[in-house]
Amino acid sequence: FAGRRGETIPFSFTITSTGKPLNLSVMLVSLRQEESGIIMHDIHTPPEQHIRFTTDTSFSLAPGQSRELKGEITVPLSKTNYLSYGVLVRDQGSVNELTNRNGSDDTETRASVKFVTQYLLRVDLETRGVQLEDLGALQLIEGKVRSVNGLPVAEVYLQNPTDLALECMVRGTIDSPQSL
C-alpha cells in the first residue's frame, strides 16, 4: 500500500480451507529480518499499534470455506518511507490421541500430538516521506570478501543509525590496494 502520513488505509486477506477443517487465530506481530534475508515474526517485540483488525480474529473454517480478514492501517506521522507489519495466522490444529485398539486401562501409556501450522502475512506500506539527506546517514560496516564456489562475494552490513525504516539499493566496486 501507499499512503500519506495520518491516512487510514483498509486492507484484507482471504483465507480458504483447502481440504481440512481449520481452527484459526489471528494476531499482530513484529517482524525481524535474518541475515539471510528471511523475514520472520518476532515474539519478543510488541507489535506496532498503527494496525488493527475490523473482523473477528478467532474463527473456524470447514473444508472449502473462505473468510475475509479485514483491518486498517493508520500511516504514522514519522518520517519513514517504508513500513512492514506482520499478521500471524495460526491453525490451532487438532489433537490425535493414540489409544490401544484392545481397550484402555489406567496403566497404559498414552501420547498425543498437536500439529500447529502458521502463516506469516505481511502488510507493506510506502509513505513517500524520507528526505535525501537521511540516506547520507547510512553506513557500510564490517565488510569482507569471501569465496563462494570459487567466486568472490562481498559481505557487508548496512547500518542505519536513524530511527527511520529505509529501503534502498547499494552498489559498490572492489578495488585492490595495489591499484590505488
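Helices (H or I, at least four residues) and strands (E, at least two) are DSSP runs, numbered from the N terminus. The structure is a predicted model, in which local features need pLDDT of at least 70, side-chain atom pairs count only at pLDDT 80 or more, and totals for chains, interfaces and linings use all residues. Residues are numbered from 1 along each chain as its sequence is written, and side-chain values use heavy atoms, with hydrogens and water left out. This briefing covers backbone angles, aromatic pairs, a pocket, salt bridges and a surface patch.

**Backbone angles**

- Most residues other than glycine have a negative phi.
- Glu142, in strand E11 (residues 139–148), has a positive phi near 50 degrees.
- Glu142 is exposed, at a relative accessible area of 60%; exposed means over 50%, buried under 20% and partly exposed in between, with a 1.4 Å probe and protein chains only.
- Asn149 lies in the loop between E11 and strand E12 (151–159), and its phi is also positive, at about 55 degrees, although Asn149 is not a glycine.
- Asn149 is exposed, with a relative accessible area of 78%.

**Aromatic pairs**

- The count comes to 2 aromatic pairs, where rings of Phe, Tyr and Trp (its six-membered ring) pair if their centres lie within 6.5 Å, and planes under 30 degrees apart count as stacked, over 60 as edge-to-face and the rest as tilted.
- The ring centres of Phe11 and Phe13 are 6.0 Å apart and their planes stand at 65 degrees, so this pair is edge-to-face.
- Phe11 and Phe53 are also paired edge-to-face, with 6.5 Å from centre to centre and 65 degrees between the planes.
- This second pair links distant parts of the chain, as Phe11 belongs to strand E1 (residues 8–16) and Phe53 to strand E4 (residues 51–53), 42 residues apart.
- Phe11 is buried at 5% relative accessibility, and Phe53 is buried at 16%.
- Phe11, Phe13 and Phe53 form one aromatic cluster.

**Second largest pocket**

- A pocket is an open set of points on a 1 Å grid over the protein atoms alone, where a 1.4 Å probe fits, with protein on both sides within 12 Å along at least five of seven lines; lining residues have an atom within 4 Å of a point.
- The second largest pocket holds about 200 Å³ of space, a volume being the space filled by probe spheres set on the points.
- Its lining has 13 residues, of which Ile15, Thr16, Ser17, Leu22 and Tyr119 lie nearest the centre.
- E1, strand E2 (22–33), strand E7 (82–91) and strand E10 (117–126) each supply at least two lining residues, and E10 gives the most, with 3 residues.

**Salt bridges**

- The structure holds 8 salt bridges, each being a side-chain nitrogen of Lys or Arg within 4 Å of a carboxyl oxygen of Asp or Glu.
- Among them, Glu34 is bridged to Arg32, with the closest N and O atoms 1.9 Å apart; Glu34 is partly exposed at 33%, as is Arg32 at 36%.
- Arg122 forms a salt bridge with Asp124 at 2.7 Å between the closest N and O atoms.
- Lys70 and Glu68 meet in a salt bridge of 3.8 Å, N to O.
- Lys144, Arg146 and Glu155 are linked in a network of salt bridges.

**Nonpolar surface patch**

- Leu140, Val156, Leu158 and Val170 form a nonpolar surface patch with about 350 Å² of accessible area together.
- Such a patch joins nonpolar side chains (Val, Leu, Ile, Met, Phe, Trp, Tyr) within 5 Å, from residues with over 30% relative accessible area and no salt bridge.
- Val170 lies in the segment after E12 and is partly exposed at 48%.

Methods: Patches are made of residues with over 30% relative accessible area and no salt bridge: like charges are joined within 9 Å, nonpolar side chains (Val, Leu, Ile, Met, Phe, Trp, Tyr) within 5 Å. Accessible areas come from the Shrake-Rupley method with a 1.4 Å probe; for residues, only the protein chains shown count as cover.
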